[in-house]
Amino acid sequence: MKFDNLRVVVTGASRYFGRALAVGFAHLGAEVYVSARTVEAAERTRAEVMGSARDRIHAFGCDLSRPAEIREFAARVGEHTDRVDLLVNNGARWLDGMDLESASDESIVETIESTAGGTVLMVKHFLPLLRRSLRPDIINMVAVRDAEGASAATASVAHEAFWTAKSAQAGFADILSRRLRPSGVRVFSLYPPDFSTSDPRFAEWEGARTDGLAADEKLTTQALFECIVYAVEQPRDCFIRSFHFEPR
């Protein structure tokens, strides 16, 4: 298959884009190691995959705001595979509210730690496995969907702590791309506007419409996934630092 034997790690894979990534890569032949805040949530993603691709998804629990769980996640993946070819930093903690004082101190710290700190620690602890790959790539989902389906790029109800975390994530991705490039590890970041999702439980990816959309239709999950596939497939001397999408 297209990505037969590719080893992929996806965080925040219990719903929305993270789940779609897991399903998409598994159907293309990759071995996919998914995490969610609880192992039960990650297992639900695996259970919803159709056909033989289900056997290529491996579920783990990992709260990105807890460094010890990130270290354990990396160690457990290392027990299953000798390398990781693609790390997708998709997980992020959403926090709503336009009043700075509306959120508790604990929620603010947890939001920043899970999104910004979690991304940094995921890269740190998975770098040894990435460096064992002949084609190591890191994808950062800098704009993410909230619980109601709006993207961080357009949502007006995100708390200041959430915006702070996403800005930190973007800055980290930028410097990481510069510093890892000489070693052959490529770093890509996606900045999508609001986009629609199709549930992988009920529709397969093949034949999904990704172009010819009407003016009022949103960017699709399949289109975003194909951008990632396109970047990963490029020759190793091709570095695409980011994908920025205009809202429709």
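Predicted model: local features only at pLDDT ≥ 70, side-chain atom pairs only at ≥ 80, totals over all residues.

Trainee: Why is the arrangement of helix 1 and helix 6 called oblique?

Mentor: The axes of helix 1 (residues 16–27) and helix 6 (residues 221–233) come within 10 Å and cross at roughly 60°. Roughly parallel requires an angle under 35 degrees, and roughly perpendicular begins at 65; helix 1 and helix 6 are therefore oblique to each other.

Trainee: Which residues make this contact between helix 1 and helix 6?

Mentor: Helix 1 contributes Phe17, Ala20, Leu21, Gly24 and Phe25, which meet Thr221, Leu224, Phe225 and Ile228 of helix 6. Sorted by class, the contact has 7 nonpolar and 2 polar residues, with no charged residues. Helix 1 passes helix 6 in a right-handed crossing.

Trainee: What makes helix 3 and helix 4 roughly parallel?

Mentor: Helix 3 (residues 67–80) packs against helix 4 (residues 105–130) at an angle of about 25°, and their axes are 9 Å apart. Since angles under 35 degrees count as roughly parallel, that term therefore applies to helix 3 and helix 4. The crossing of helix 3 past helix 4 is right-handed.

Trainee: How many nonpolar, polar and charged residues does the contact of helix 3 with helix 4 have?

Mentor: On the helix 3 side are Pro67, Ile70, Arg71, Phe73, Ala74, Val77 and Gly78, and these meet Gly118, Leu121, Met122, His125, Phe126 and Leu129 in helix 4. By class, the contact of helix 3 with helix 4 comprises 9 nonpolar, 3 polar and 1 charged residues.

Key:
Residues numbered from 1 in each chain as written. Heavy atoms only, no water. Axes fitted to C-alpha atoms, helices over the stretch in contact; angles between N-to-C directions. Helix = DSSP H or I, 4+ residues; strand = E, 2+ residues; numbered from the N terminus. Parallel < 35°, antiparallel > 145°, perpendicular 65-115°, else oblique. Left-handed = near helix turned anticlockwise from the far one by under 90°. Contact = heavy atoms within 4.5 Å. Nonpolar A, V, L, I, M, F, W, Y, C, P; charged D, E, K, R; others polar.
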